Amino acid sequence: METVLAAQGRQTCHPVAEASQVGSVRRAAADLCARLGFDETDAGEVAIVVSEAATNVLKHAGHGEILLRPLRCGDAHGIEILALDRGPGITSLAASMADGTSTAGSYGVGMGAMQRLACEFDIWSAPGKGTVVMMALWQRGAVRPERALHCGAVCLPMRGEEVAGDSWALAGDATSATAIVADGLGHGPLAAEASELACAVAMQGAHQGAAIILDDAHAALRATRGAAVAAVRFDMLRDELTFAGIGNISAHLFGGDDRRQLLSHNGIVGSNMRKVQEFAAPWDADSLLVLHSDGLTARWNLGDYPGLARCHPAVIAGLLYRDFTRGRDDVTVLALRDRQGWTP
């Protein structure tokens, strides 16, 4: 299996509350395009959609955030843009997608044009509940291998820290995948060292079972401060996932109208991990898995957001971060769904 994203390629968060910050996030996107090797045309399209997304946030909601995340799949590189706001929401998504629609002085290219520029696009909005827009743009002509899962993630440090003590990673192919979320004890570089090492070990043994991954991580993390870790192995040929967790990484599995919390045992990987146990559960085209660190409160319910459960997992991760982050801890939200569960 090939790693889709490891601890490298950190996500960045850019507040949008005044006009100058639209330019700031556009420059940040341009810098990311340059680092990823985007050509002038591709970088120009990224600039258009980032500028429009940020301007829409400012004009329609007054303030919000733009999250930028580098993407990699095989040899292809891309950029994911998440625009989050708690504004009045969109009454008619169909009207907002019309070309040239601009009710508040934005660039006026319209959501429809943004959708055409993006390789992947999704939006959730409701009156009084704000808006979340996801766009992913890939290098022109890039060939992306077929993957078993759609993935969405938010991984950000607590205020005042430059690096998150949380990490996550995902590896997969067309019929299987392995995902991990790790929360290093405390905050800052030493916490990041532990969580990133857990992810690196998991990706080296991504073909192994979830419990074996935790055992290997436990041995590797003994020289670190340790971490809470959850690992998941997906097998699409058997329509099954297996899960193992140590510490306070929450895992919620959705299938149809059912929600099931997957059990983690107490302990610290690298320190006092006493018991590792795998749990199996069905996994199919209707399944959705949400993993998160304790930087996110557990008091969330997808049912409070009509239609959200059917969205791209990046929209789900972004909304949960927007509304339920504690604000005093590193936060990671990883949402995963079967490749058949969402289509552009």
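First, the conventions. This is a predicted model, in which local features need a pLDDT of at least 70 and side-chain atom pairs count only at pLDDT 80 or more, while totals for chains, interfaces and linings use all residues. Residues are numbered from 1 along each chain as its sequence is written, and side-chain values use heavy atoms, with hydrogens and water left out.

On confidence: pLDDT is the predictor's confidence in each residue, from 0 to 100. The protein averages 91, and 92% of the residues score at least 70. Residues 102-108 have a pLDDT below 50, and this stretch has 15 contacts in the model beyond near neighbours in sequence. Contact here means heavy atoms within 4.5 Å.

Next, the cores. By a nonpolar core I mean a set of buried Ala, Val, Leu, Ile, Met, Phe, Trp, Tyr and Cys residues joined through side-chain atoms within 4.5 Å. Buried means under 20% relative accessible area, exposed means over 50%, and partly exposed is in between, with a 1.4 Å probe and protein chains only. As general background, nonpolar side chains in soluble globular proteins tend to be buried together.

The largest nonpolar core has 34 residues, and those with the most contacts inside it are Leu82, Trp124, Val290, Trp300, Leu302, Leu308 and Leu320. Two or more residues each come from β3 (64-73), β4 (76-85), β6 (131-138), β7 (149-156), β15 (287-292), α7 (313-324) and β16 (331-338). Helix α7 gives the largest share, eight residues. For the element names, helices (H or I, at least four residues) and strands (E, at least two) are DSSP runs, numbered from the N terminus.

Which residues does Leu308 contact, leaving aside neighbours within four places in sequence? They are Trp124, Leu302, Val315, Ile316 and Leu319. Another core lies apart from this one; it has 30 residues, including Cys33, Val57, Met114 and Phe121.

Now the rings. The structure holds three aromatic pairs. Rings of Phe, Tyr and Trp (its six-membered ring) pair if their centres lie within 6.5 Å; planes under 30 degrees apart count as stacked, over 60 as edge-to-face and the rest as tilted. I will show two of the pairs.

Trp124 and Tyr305 are edge-to-face, at 5.6 Å centre to centre with 70° between the planes. Trp124 is in strand β5 (residues 120-125) and Tyr305 is in the loop between β15 and α7, 181 residues apart. Trp124 and Tyr305 are both buried. Phe254 and Trp300 form a tilted pair, with 6.0 Å between centres and 40° between planes. Phe254 lies in strand β12 (residues 250-255) and Trp300 in the loop between β15 and α7, so this pair ties together parts that are 46 residues apart in sequence. Phe254 and Trp300 are buried as well.

A ring from each pair also has a charge over it. The criterion is NZ of Lys or CZ of Arg within 6 Å of the ring centre and within 35 degrees of the ring normal. Lys129 lies over the face of Tyr305, 5.2 Å from the ring centre. The charged end of Arg259 sits over the ring of Trp300, at 4.2 Å from its centre.

His252 is in strand β12. Is His252 buried or exposed? It counts as buried, because its relative accessibility is 4%. Beyond four places in sequence, the contacts of His252 include Arg260, Leu288, Val290 and Trp300.

Ser195 is in helix α5 (residues 188-204), and it is buried, with a relative accessible area of 0%. A polar atom of its side chain lies 3.2 Å from the backbone oxygen of Ala192.

Last, Asp239. Asp239 is in the loop between β10 (227-235) and β11 (240-246), and its phi is near 55°, a positive value in a residue other than glycine. With a relative accessible area of 44%, Asp239 is partly exposed.

Methods: A polar contact is a pair of N or O atoms within 3.5 Å; within protein, one must be able to donate a hydrogen and the other to accept it, and residues adjacent in sequence count only if both atoms are side-chain atoms.
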